[in-house]
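Morning, everyone. One structure today, and I'll keep it quick. Here it is on the screen.

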Amino acid sequence: MINRHDPDYHRATLTRRSDDDLAASILLALNYSRRTKQTSVSQGLIQMDCVALCYCPEGLWVASNTRKISDDDLETLRTFLCDQNIDIYVVVNGSGGMHAEMQLLKELLEVYTKGQIQELGLRMGVSKACCGRCADKLREYSISFTEEHDSPVVNWESPD
Ligand SMILES: [Zn+2]
């Protein structure tokens, strides 16, 4: 469990990331630098946004709580992953602002049963620590992730 108000939060966030967390962070950063004003206030809002990704049997699925991920973002992500041919699908679910992890889980539930998802043993890369509610839901579906925080959150929508 990580406290987002801890002065050590940003260092911890940078050092405890796995490769798929970093890929999610890079996708969010690319999107921000391309589409958000280059002022410290505007760029600072990146803390409010989140990208999650999951290597599914169908390919790499990505989702964001609020950002519109575009083809040029995906093209740069392919370069980062050193795989120009990887199939990447942008998943959009929820009524606006649904947490990225839950958008991916909702999409998985369109294709698989709960038991099948649990058997897949998936992992999600996330650009920041998951909130407690997403973390509980991911554990319920046997999906692993790096870290969770315990701050209250907004816009949480259940995927099931
Ligand atoms: Zn969440």
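What percentage of the 160 residues in the protein chain is buried? Buried residues make up 31%. Buried here means 20 or more other C-beta atoms within 10 Å of a residue's own, exposed means 12 or fewer, and partly exposed lies in between, with C-beta atoms placed from the backbone.

Some ground rules. This is a predicted model: local features need pLDDT of at least 70, side-chain atom pairs count only at pLDDT 80 or more, and totals for chains, interfaces and linings use all residues. Residues are numbered from 1 along each chain as its sequence is written.

Now the overall layout. The protein chain has seven helices and four strands. Those are DSSP runs, numbered from the N terminus: helices are H or I with at least four residues, strands are E with at least two. From the N terminus, the order is α-α-α-β-β-α-β-α-α-β-α. The radius of gyration is 15 Å, close to the 15 Å from the globule rule for 160 residues, so the chain is as compact as a globular protein of that length. That radius is taken over C-alpha atoms, and the rule is 2.2 Å times the number of residues to the power 0.38. The C-alpha trace spans about 45 × 35 × 30 Å along its principal axes.

Next, helix packing. The axes of helix H2 (residues 19–35) and helix H4 (residues 71–80) come within 10 Å and cross at roughly 140°. Axes are lines fitted to C-alpha atoms, for helices over the stretch in contact, and angles run from 0 to 180 degrees between N-to-C directions. H2 and H4 are therefore oblique to each other. Angles under 35 degrees count as roughly parallel, over 145 as roughly antiparallel, 65 to 115 as roughly perpendicular, and the rest as oblique. On the H2 side, the contact uses Ala-23, Ile-26, Leu-27, Leu-30 and Asn-31; H4 brings Asp-73, Thr-76, Leu-77 and Phe-80. Contact means C-beta atoms, placed from the backbone, within 7 Å.

Second pair. Helix H5 (residues 100–111) and helix H7 (residues 132–140) have axes that come within 9 Å and cross at roughly 30°. That makes H5 roughly parallel to H7. Glu-101, Met-102 and Leu-105 of H5 meet Cys-134, Lys-137 and Leu-138 of H7.

Last stop, a loop. Leu-122 sits between helix H6 (114–120) and strand S4 (124–126). Is Leu-122 buried or exposed? Leu-122 has 22 C-beta neighbours inside 10 Å, so it counts as buried. Beyond its neighbours within four places in sequence, Leu-122 contacts Cys-54, Cys-56, Ile-117 and Ile-143.

Technical notes. Two residues are in contact if their C-beta atoms, placed from the backbone, lie within 7 Å.
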